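This report describes how two protein chains meet in a model. The sequence and the structure are shown first, and the account of the interface follows.

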Amino acid sequence: MPALTTAAPAAPLIALVGLPNSGKTTVFNALTGSNYRTVNYPGSTVDCAIGAADLDNRRARVMDLPGITSLDGPSPDEQVAIRALFGDSPHGAPSVYVAIADSTQLPRHLYPAKRLIDAGYRVVVAVTMVDILNKRKHLSFDAEALSRELGCPVVRVDARTGVGLKELRRQTGLLLEAPTTDRAARPAPLSAGDISARYQFLENVTARVVTTSTSKTPLEHRLSICMPDPLTARLDRVFLHPAWGFLVFAAIMTAIFTSIFWLAQPMMDGIDRLFSAAAAWLQAVLPDVWLTRLLTDGVILGVGAVAVFIPQIVILFLALGFLEDSGYLSRGAMIVDKPLAMVGLSGRAFVPILSGFACAIPAMLSTRTIPSARERLLTIFILPLMVCSARLPVYGLLIAFLTPPGMAWLGGLGMTALYLFSVLAGLLAAALFGKIFRLEKSVRPSLLLELPAIRRPKLRVALATTYHRTKSYIQKAGGTILCIAVALWALTHLPPRTHLDESAQLAGSYAAVLGQWLEPVMRPLGLDWRVGVALICAFAAREVFVGALALVLMVSAGGDAIEGPLILAMRNATLADGSPLFTFSSCVGLIIFFGFALQCMSTVAVSRKETGGWYIPTVQLVAFTALAYLSALAAVQGLRWAGIA
Amino acid sequence: MTLLDLPDNTWARVESVDGEESLSRRLLEMGFTEGECIRVVAASPFRDPLAVNIRGAVFALRKYEAGSIRVCLL
Ligand SMILES: Nc1nc2c(ncn2[C@@H]2O[C@H](COP(=O)(O)OP(=O)(O)OP(=O)(O)O)[C@@H](O)[C@H]2O)c(=O)[nH]1
Ligand SMILES: [Mg+2]
C-alpha cells in the first residue's frame with residue numbers, strides 16, 4: 001500500500017462504515033485516487049485498506065472496511081471491520097466516521113450509523129444510489145431533512161460520477177475541526193425491543209425524507225419504498241425462476257468458458273506473430289553469438305510460448321468483470337445454494353469458486369464472508385482444484401494439440417468440460433473431506449445473502465478490473481517465467497559442444513543428466529524426462545510448463561510463429577523407442593495431473609494464513625498432488641488398456 | 001403461519017422471529033422487525049432457498065431461516 005507512506009502517521013483517520021454493497025469502496029477510490037475493486041455483490045471488500053486524502057487542505061487517512069450489518073456481526077470479514085472501527089487495528093482509532101447509506105434501503109443502512117451517532121461518535125452520512133431511487137423508483141430524497149432528523153451532516157454522493165464529493169470532503173474536514181466529545185464509547189449490544197424501536201424511528205424518518213410526487217396513501221408509500229426497483233424485479237422473475245433460472249445460469253457459465261478458447265484464437269495469433277517478429281528481428285541485427293541465441297531461443301521463445309495465452313486470460317477476466325458489475329453473482333449464489341448444501345458448502349461459496357477461476361489466492365480471502373467456520377474451511381479446502389488462470393495456458397496448449405484443425409468450437413466445449421470437471425471434483429472433495437476429517441461443527445449454517453439491484457454492467461468498470469487483474473497476473477508470473485526460461489536454456493545448452501545437431505546436444509546436456517532421475521516416474525504416464533523437466537518447472541508457476549516444453553522440445557523461434565511450431569514439435573516428438581510422445585492418452589494424463597496437483601506455493605501460504613494452521617494446507621498439498629499422479633496414472637493405463645493410445 | 005406458507009408476491013407483516021437466538025438476533029438486526037411489510041418474490045425448487053423482499057432489499061433465505069419468521073397477511 002504505497003498510499004500509507006505518503007500520509008504522515010499523525011494524519012487523522014477517517015473510517016468508511018456501512019452495510020455491504022452500499023458503495024464504500026467506490027467512495028474510497030474517489031477520495032484517495034485508488035483502484036480497489038468494486039463489485040455489485042455484498043462482501044467484495046474483506047480487508048482494511050488505507051489511503052491518503054485531501055479534505056479541504058487537511059491531510060487525512062481514509063480507511064475502507066468490509067461491510068457490516070450491525071456493530072456486533074459474526075462473520076470474519078465483519079469482525080475485521082468492527083475491530084478497526086473501534087480502534088483495534090494497526091491504523092489507530094478513527095477520528096471521524098463517514099457512514100455510507102444506500103438511499104433505496106435507508107432504515108437498514110442508517111441503523112449502524114444511528115448507533116454510532118447515539119454513542120457520541122462524529123459521523124457524516126453519505127447517501128448513495130440516489131440515481132436508482134430517482135430514475136427507477138420515481139422517489140426523491142431530501143438530504144437536508146435527513147440531516148435535521150439525525151442531527152449530523154448528510155451529503156448526497158455518487159462517487160462514480162463525482163457528484164457530492166466536494167461537499168463530502170468539506171463536511172468531513174469541518175467535523176475534524178470540531179471539538180471531540182469524550183463521551184464516545186463502543187455501544188453495548190441492544191436488546192430485541194431496542195432494535196425494533198430504532199428501526200421504528202428510522203422507518204418514520206425515511207417516510208419523511210424519501211418522498212413521492214404522486215399522491216399515495218401512507219401504506220402505498222411505504223410499500224413503494226419497500227419494493228425493489230421495477231427493472232430488478234422484472235429480471236429476477238427470470239433469473240430466480242425455478243426452471244428458467246437454472247437454464248440461464250447454465251447458459252451464462254457455458255458461454256463464458258466456451259468463449260475463452262474460441263474467441264481468443266485471433267488475438268493469440270497476433271501475439272504469436274509479434275513475438276516471432278521480435279525474435280527474427282533480433283537474429284537479423286545481432287551477431288550470431290550465444291547471447292543472441294539465449295535471447296531468441298531462450299527468453300523470447302520461453303516467455304512468448306506463455307504470453308500467447310494471455311488473450312484467453314483477458315477474456316476470462318473481462319467476462320468475470322461484466323458478471324461482477326451486473327449484480328448477477330448473488331443470483332447465481334442463490335441458484336447453486338441447494339446443490340452446494342448437499343456437500344456441506346453454501347451458496348456463499350459460489351463467488352469464491354468463481355474467483356478461484358481467476359486465482360485461488362484472492363478467492364481464499366473472499367471466503368471471509370462465509371459466517372460458518374465449517375463451510376468456510378471446506379471452501380478453502382477445495383479452491384486449489386478450480387481451473388485457475390495459471391492452468392489456462394497449459395490446458396490451452398493441450399486442447400489445441402488435441403483439437404482437429406478448424407474445429408475450435410470443439411476445443412471450446414472441451415475447455416468448458418474441464419471447468420465443469422474441476423467443480424465436480426471440488427464438490428466431491430468437499431463431501432469426502434467433510435466426512436473423513438472432523439471439522440468444527442458450528443450452529444446451523446445460514447445463507448442470508450442480499451441480492452443487490454441489477455444494473456447494466458459498465459464497460460469502463462469491467463475494463464478497469466480486467467486491466468488490473470491482467471497486470472498483476474503478468475507481474476506475478478512474468479519474473480518466474482523469465483528466470484526459468486534463462487535457467488532452462490542454460491541447462492539444455494551446457495556443456496557446450498560444437499558440431500552436434502540439436503537433439504544430440506540436448507541428449508548430452510545437464511538437463512538430460514538431471515532428467516534421467518525423472519524417467520522412472522514419467523514412463524508409467526507414457527511420458528519421458530523432457531516432460532518431467534517441464535513438470536518440475538511448473539512447480540515454480542504452472543504456466544511455465546508451456547515455456548519449458550518449448551525449450552526442451554527445442555522449437556526454434558527463428559520461423560514465423562511459436563504456437564504452431566510448438567504443436568508441430570509435440571506431434572513429432574517421440575519416446576526412446578520411437579513411438580509418439582504426445583498421444584491422446586498421455587495428454588489426458590497431463591490434463592488430469594494439472595487438474596489436481598497443488599503446484600502453487602503462494603496458495604499453500606495463504607491457505608495456512610486463512611485457516612490459521614498447517615493442517616489444511618498440508619492435507620491439500622499431499623492429498624491433491626498424490627491424487628494428481630495416481631489418477632493420471634490410472635487414466636493413462638486405463639485408456640491404453642481400452643486400446644486408446 | 002411462517003414465510004414458508006406465504007404465497008409468492010403476497011404482502012404480509014412480520015409478527016415475530018423465532019428460533020435460535022443467534023439467528024433471530026441477526027435477522028432482527030438486518031431489519032426483520034415486527035410489523036414490517038414482507039413478501040416472497042421467488043422460490044427455488046422445494047422452496048429452498050427463498051428470495052424475500054423486505055425494506056427495499058431482497059434476501060436469499062434458506063428454508064429453516066424462512067421458517068423461523070412468523071408472518072400474518074396484510
Ligand atoms: N447506481 C449507483 N451505483 C453505485 C453508486 N455507488 C456505488 N455504486 C455501485 O455499487 C456497487 C457496490 O459498490 P462498492 O463500492 O463495491 O460497495 P462496498 O460498500 O465497498 O461493498 P462491500 O465491499 O461488498 O461491502 C458497485 O458496483 C458500484 O459501482 C451510486 O451512487 N449509484
Ligand atoms: Mg468494498
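## Buried area and contact

In this predicted model, chain A and chain B bury about 3,600 Å² between them, and carbon and sulfur atoms give 57% of that area. Buried area is the accessible area (1.4 Å probe) that two parts lose on being put together, summed over both. On the side of chain A, the residues that lose the most area to chain B are A:Cys226, A:Met334 and A:Leu448, together 19% of what that side buries.

Counted by contact (heavy atoms within 4.5 Å), 45 residues from chain A and 36 residues from chain B take part.

A:Glu203 and B:Arg55 form a salt bridge through their side chains, at 2.4 Å from N to O.

The side of chain A that touches chain B draws at least two residues from each of helix H4 (106-118), helix H8 (192-209), helix H9 (218-226), helix H15 (328-342) and strand S9 (449-450). Helices (H or I, at least four residues) and strands (E, at least two) are DSSP runs, numbered from the N terminus.

An open sheet of 6 strands has the order S9(A)-S4(B)-S3(B)-S2(B)-S1(B)-S5(B), with antiparallel pairing; two strands pair if DSSP finds at least two bridges between them. Its edge strands, each pairing on one side only, are S9 of chain A and strand S5 (69-73) of chain B.

S9(A) and strand S4 (residues 57-61) of chain B run antiparallel and are joined by 2 bridges. Here A:Glu450 stands opposite B:Phe59. Within chain B, 2 bridges likewise join strand S1 (residues 12-17) to strand S2 (residues 37-43), and B:Arg13 stands opposite B:Cys37.

## Confidence and conventions

The predictor's confidence in each residue, pLDDT, runs from 0 to 100. Chain A has a mean pLDDT of 88, and 95% of its residues reach 70 or more. Over residues 1-8 of chain A, pLDDT stays under 50. Where pLDDT is low, the predicted coordinates should not be read in detail.

Residues are numbered from 1 along each chain as its sequence is written, and chains are lettered from A and ligands numbered from 1 in the order in which they are written. Local features need pLDDT of at least 70 and side-chain atom pairs count only at pLDDT 80 or more, while totals for chains, interfaces and linings use all residues; side-chain values use heavy atoms, with hydrogens and water left out.

Terms used. A salt bridge is a side-chain nitrogen of Lys or Arg within 4 Å of a carboxyl oxygen of Asp or Glu.
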